[in-house]
Every structure is written in C-alpha cells, then in structure tokens.
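Visitor: I would like a close look at a single part of this model. Please keep to what can be computed from the atoms.

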Amino acid sequence: MTAGANGYTFTYVLDAPGISGQSQYDGVATTDGAYAMIVDEAERVLVAGYHSPVASANPIWDDAETDLCVWRFLASGEPDREFGTDGRFLLDRDRIECAEAIVRDSAARIYIAGTSRPRDEEDENHTQDMIVIRLHPDGSLDESFGTEGVFTYDNGLQINDTAHALTIDRSNIHEERILVTGAHEQAIAIYCLDANGELDRGFGDEGVRLPCEDSAGTGRSIEIDAAGRIVVCGQNDQDLIVLRLEANGDLDHAFGEAGILAWASDEDAGLQEGWDLAINPTDGRIFVSGTSQNTYHDLTVWCVNSDGALDPKFD
C-alpha cells in the first residue's frame, strides 16, 4: 500500500481486489498530500499529511493556508466517517503545518509529528518548529497532551527544528515515551517527550540530543531495539549515518565508533542517505534503505551488525 501527493489530490492505493485498487480523496480545487501511513488492527488505514483549501502546486512554500491533516480509511477504501469530522482531522490554526510521521500507542491513541511555521507575512525567515500532536482513537484532539493537544519545540531563536520520524518507546515499565528525530537547524536531532507531552528532562540535554551538532545532517528514521536502545538513521555531511543511543540519550560506545556508523562508498562519493530502518529482533542487525548518489541516484540497502559494523555477508 502506498500514499502520496498526486497533483492536487491525495491518492490511497489499496493492495486489495477492486476495479482499480484506488481510493482517491479529491477535495475539488483544494490541495491534499500524504507523507506517512499506518494500518490498525481493524485494517483501517491512517494517513497523515496536509490539507490546503486552495489549489497550489506547493502550498507549504507558496504560503497558502495549509493545515496538518489525518485521514482514516476503511479496509474497503471508503473514508471512515466515524473518525474526526467526516473521516478526517484538521489541525486548523493560522499557521502552515504538515505531518511527516504517525504512530499509535498501546492505548490506540495516535501521535503525529511534523513541522509548523508562521505565515510568510509574520516570519520572513520561514522559521520552522517541530510539533507533535496526540489524537484520541476517534480522531479528536487529546487536549491533555502538551498545550491543548500540541507539543511545540521552539527555543525562541530563528532556528529551524523539523521532524521526520517518531516512535513510541515501550521499554520503560513506568510509562511510554515519544521519540522524534529530525534536525535542529542543520544538525541531527533526537527529541524525547513524556506521556504528558513535555520534554523528558532526563534525556540528553534537557530532552534533546544533538549527537553530531558540529556537522550538517538530519535524522530520517528512528526505532527502539530489543534492549531498549534508540537507533536512528539519516545522513550527516553527505554520508550515511546510523546512531545507537542508550535510553538516556547517551551514545552507545559499544556500537560503531563511539556510537556512530558513518559510511561513504569512497572519498568521491555523493550523497549517501538512509531513509528508513528495520531491526531484526533475532540478532539485532539493522537494515537501512536509502539512496546512494554517484552519477545517478541508486536504491541502496545497507545491513549493519549489532556492533555497528557493516555486515560483509550482506552483498
């Protein structure tokens, strides 16, 4: 199953029998796009992205009104009218906002991470903030989380904070935590929130960890391994990067070089970037998918052993 922006419409493609296998959300002279999706135990599909009431090739950067949006579809491809308002939730604020990632916790609550910035007339620098929202299972905003349902990371400076992925840390027996990765200005960032939607001050530096703050990069995917350690992939200084952190945000020095695997195919290699990762629960190996740029962009899958070395048997 895939989801993505298709011109001025959002298209959800079903891996199921049907005439076309496609359920299309067309708002008519509106712009809708999707960047993340999950399937729940009832085979309903939750899709997260954005909605703009105007037709635009790129409403987010055209400064058109743009709201973070979550849709829910039934297994048949029909909108689930019992979710939110007529099948969707809109974070309707006077800002430009977009979802990048979506997960559910053990109570079936829905977490969405994304970015938010003021409209252009308010902020000439287009400064972005990282946001996380929580919805009840019925698609209504959970106002007990953060500030009226929304956590915003804004340090008060003209610095961009972006979110690209999030996961729920269920290894803590006391309460689940929310871990988000993206970028703080131009450095890989990992943010940790408690169940109330506040920064977990015992993680990293007051809730935020910048493991490579002197270089340019971004985190693209984040997972928790069987030992409760945090694994992140992305790119840093044009190289593939895989990080493993302890539960408190410290780099795990038993992994790679002081907690970091940075890899480029050779000195003249172009961008090597990991976009998604999966952890083998049996042996702890980490599989990373992404792109390698030499003359062209090539699909690449890397296999990293649990000690942080590339697996030479995976070729």
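Visitor: How many bridges join strand β21 (residues 286-293) to β22?

Guide: This is a predicted model, in which local features need pLDDT of at least 70 and side-chain atom pairs count only at pLDDT 80 or more, while totals for chains, interfaces and linings use all residues. Residues are numbered from 1 along each chain as its sequence is written, and side-chain values use heavy atoms, leaving out hydrogens and water.

Strand β21 and β22 are joined by 8 bridges and run antiparallel; a strand here is a DSSP run of E, at least two residues, numbered from the N terminus, and two strands pair if DSSP finds at least two bridges between them. Within this pairing, I286 faces V304 in β22.

The two strands belong to an open sheet of 3 strands, ordered β20-β21-β22, with antiparallel pairing. The edges are taken by β20 (272-279) and β22 (297-304); each has a single partner strand, so one side of each lacks a neighbour in the sheet. Direction ignored, neighbouring strands are turned by 20° against each other on average, with axes fitted to C-alpha atoms and angles running from 0 to 180 degrees between N-to-C directions.

For another setting, take β6 (residues 67-73). 7 of its 7 residues are buried, so the rest of the structure largely encloses β6; buried means under 20% relative accessible area (1.4 Å probe, protein chains only). One side of β6 carries D67, C69, W71 and F73, the other L68, V70 and R72, and all are buried. Strand β5 (residues 45-52) runs antiparallel to β6, joined by 7 bridges, with V47 partnered by W71. Strand β7 (residues 88-91) is also antiparallel to β6, through 4 bridges, and there V70 stands opposite F89.

Methods
Buried < 20%, exposed > 50% of the residue type's maximum accessible area, 1.4 Å probe, protein only.
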